[in-house]
Amino acid sequence: MADELKKCVFAGTFDPFTAGHADTVKKCLKLFDEVIVAVAENKKKACMFSLEERAEMIRRTYAEEPRVRAVCWDGVIVDLLKRENTPFYVRGVRNTIDFEYENADYFASKDLDGEMITLYFPAERNLLHVSSTLVKNCIAFGKPFQGYVPAPVYEFITKR
C-alpha cells in the first residue's frame, strides 16, 4: 500500500472554476500524489459555460502541474471513485449550508459505497464569499471578477 499512488477526486460543476476551488486543489496537492478534478454535468443547473469549456479552464489553470487532471463526469461519484481506483472524495465547504448539503450527499453516497472516504476542506477566510454564482453575476453585470478566479480562467473568460 505504501508504494501505491494516492489520489483523490474533487468534483463540482465549476461554472466557472474559482479561487476557492483552486485553494481546495492546492490543499489536496499537499496530501495526494494526484488530484482528479471532475467537472460534473448537472442537468438541474443552467450553466454559463459548457462542460468542455469548464474542463478547459481547469486544464489551463494546471497546465504546469502534471498531478492535476480534469475529467468530465456525468454520473454518481462512487462510480468515478471506482473507475479512478481511489476511495478519497474531497469537498470544499464555505459555511454551514455547504456542510449540511455535503453531509447529506455523503450519507447517500456512503450507502452506495461503504469504502468511500470523504474529506471536507473549509474555505479560507478571505475566500468565504467567493462562489461561481458571484463570478457569473459579475460577468453578467460587467463588474470586475479577476480576483475571484485563477488568472488562466480570467483570460479564458475575457477572450470568450
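Buried means under 20% relative accessible area, exposed means over 50%, and partly exposed lies in between, with a 1.4 Å probe and protein chains only.

## The model

This is a predicted model, in which local features need pLDDT of at least 70 and side-chain atom pairs count only at pLDDT 80 or more, while totals for chains, interfaces and linings use all residues. Residues are numbered from 1 along each chain as its sequence is written, and side-chain values use heavy atoms, with hydrogens and water left out.

## The whole chain

The protein chain has six helices and five strands. Both are DSSP runs, numbered from the N terminus: helices are H or I with at least four residues, strands are E with at least two. Along the sequence the pattern reads β-α-β-α-β-α-β-α-β-α-α.

The C-alpha trace spans about 50 × 35 × 30 Å along its principal axes. Its radius of gyration is 15 Å, which agrees with the value near 15 Å for a compact globule of 160 residues. This radius is taken over C-alpha atoms, and the globule rule is 2.2 Å times the number of residues to the power 0.38. Of the 160 residues, 45% count as buried. Contact means heavy atoms within 4.5 Å. Among contacts with a separation of 6 or more, 74% come from residues 24 or more positions apart.

## The sheet

Strands of a sheet pair through backbone hydrogen bonds, either parallel or antiparallel. Here, five strands form an open sheet in the order 3-2-1-4-5, and the pairing is parallel. Strand 3 (68-73) and strand 5 (117-122) are the edge strands, each pairing on one side only. Neighbouring strands are turned by 30 degrees against each other on average, direction ignored.

Two strands pair if DSSP finds at least two bridges between them. Strand 2 (residues 34-40) and strand 3 pair over six bridges, in the parallel sense. Alanine 38 has valine 71 in strand 3 as its bridge partner.

## Helices across the sheet

Helix 1 lies across strand 1 (7-12), strand 2, strand 3, strand 4 (88-93) and strand 5. Helix 1 runs at about 125 degrees to strand 5. Helix 2 (residues 51-61) lies across strand 2 and strand 3, at about 155 degrees to strand 2. Axes are lines fitted to C-alpha atoms, for helices over the stretch in contact, and angles run from 0 to 180 degrees between N-to-C directions.

Threonine 24 lies in helix 1 (residues 19-31). Threonine 24 is buried, with a relative accessible area of 6%. Leaving aside neighbours within four places in sequence, threonine 24 is in contact with Phe10, Val90, Gly92 and Phe121.

## Two cysteines, no bond

A disulfide is a pair of cysteine sulfur atoms within 2.5 Å. The structure holds zero disulfides. The sulfur of cysteine 8 has its closest cysteine sulfur in cysteine 28, and 3.9 Å is too far for a bond. Cysteine 8 is buried, at 0% relative accessibility. Cysteine 28 is buried too, with a relative accessible area of 0%.

## Backbone details in the loops

The loop between strand 1 and helix 1 holds proline 16. The peptide bond from aspartate 15 to proline 16 is cis, with omega near 0 degrees. Phenylalanine 14 also sits in the loop between strand 1 and helix 1. Phenylalanine 14 has a positive phi of about 50 degrees, although it is not a glycine. At 2% relative accessibility, phenylalanine 14 is buried.

Asparagine 85 is in the loop between helix 3 (77-83) and strand 4. Asparagine 85 has a positive phi of about 60 degrees, and it is not a glycine. Asparagine 85 is exposed, with a relative accessible area of 60%.
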